[in-house]
Amino acid sequence: MSRGSGKGLSLKDKLDGNELDLSLCDLNEVPVRELAALPKATVLDLSCNNLVSLPSDFCSLMHLVKLDLSKNRLQQLPLDFGRLVNLQHLDLLNNRLVTLPVSFAQLKNLKWLDLKDNPLDPVLAKVAGDCLDEKQCKQAAVKVLQHMRAIQSEQDQQRQRKLQAEREMEKKREAEQRAKEALERELRKREKAEEKERRRREYDAQKAAKQEMEKKTKKETVHTRKPASSSRPPQPARHKASWSRSVLRVLLFVLFCILCTLAACKLTELQHQPLCVSVNTLYEDVVAALQNHKTLQNMLQHNSHQ
């Protein structure tokens, strides 16, 4: 315990029943550990000291029922000051408090409160009132608790709205993510379908080209085979022409033989032979017949001219 006087005394020496008076001890800090060891001290007087702040573990002194912190230099109370749920009487006269922690609304058993001579927020100062007598201090406790509960409710609502907004934002992000994923799936599905369609067209084109090639090859094969097949029917004609040439050769040969025979019968000594006589006679008859035939043609042409 830090103090300017009575340094040799312990807290137990100052305990009187359930009251512990640490006023005017020139304290700069609260001996929380020693106070926690004295749960019987439900009434604690820390007035007229040099306290600027209270440590957070001060709020663990939940056995306190009456607390006097007047005439110090407190600028603020711990955020979890509301843990002192058994507190019924609280004196904060003449400090430097501007606001109270929201947890103050949890002091459900508070019946008496004095906030005079603090640079309070105007709204809080109006709610707290003057606390000039017992009745006003009791009213101050009720009104300040109502005010702090309203602030707490508003903060809770703001917190809820914030949480709701965050949840909605999260839902929106999730929805956007789902929409994005759905769009990506749709794009992948479309790309896959387009790829399948491209491959199908490519396959159809290859198949058509292959069929066209097979058709062309088959057609060329047919054209290649046609001369062989078409050359077969003319074979009789070729044989016929060959036969005609053979006959012509025979006739020419016979004619040549006749001419040779005729020449031999006309120009050689064989003309008096019986065969040559017959040949010469036949030759003369043929020549005479041809002459008669020529004379007849001339007559006919003459008649036709007339």
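1. Strand 5 and strand 6 run parallel and are joined by three bridges. Two strands count as paired if DSSP finds at least two bridges between them.

2. A word on the basis of all this. The model is predicted, so local features need pLDDT of at least 70 and side-chain atom pairs count only at pLDDT 80 or more, while totals for chains, interfaces and linings use all residues. Residues are numbered from 1 along each chain as its sequence is written, and side-chain values use heavy atoms, with hydrogens and water left out.

3. Stepping back to the sheet, six strands form an open sheet in the order 1-2-3-4-5-6, with mixed pairing. Its edge strands are strand 1 (15-16) and strand 6, each of which pairs on one side only.

4. The protein has six helices and six strands; these are DSSP runs numbered from the N terminus, with helices being H or I of at least four residues and strands E of at least two. Along the sequence the pattern reads α-β-β-α-β-β-β-β-α-α-α-α.

5. Leu24, in the loop between strand 2 (19-21) and helix 2 (32-36), has a positive phi near 55 degrees without being a glycine. Asn94, in the loop between strand 5 (89-91) and strand 6 (112-114), also is not a glycine and has a positive phi of about 55 degrees. For context, most residues other than glycine have a negative phi.

6. Are these two residues buried or exposed? Leu24 is exposed, with a relative accessible area of 62%, and Asn94 is partly exposed at 37%. The cut-offs are under 20% for buried, over 50% for exposed and partly exposed in between, with a 1.4 Å probe and protein chains only.

7. Of the 306 residues in the protein, 24% are buried. Among contacts (heavy atoms within 4.5 Å) between residues at least 6 apart in sequence, 34% join residues at least 24 apart.

8. A cavity here is a set of points, on a 1 Å grid over the protein atoms alone, where a 1.4 Å probe fits but cannot get out; lining residues have an atom within 4 Å of a point. The largest cavity has a volume of about 30 Å³, the volume being the space filled by probe spheres set on the points. Its lining consists of Leu20, Leu35, Leu38, Ala41, Leu44, His63 and Leu64.

How values were computed:
1 Å grid on protein atoms, 1.4 Å probe; cavity = no way out; pocket = protein on both sides within 12 Å on 5 of 7 lines; lining within 4 Å.
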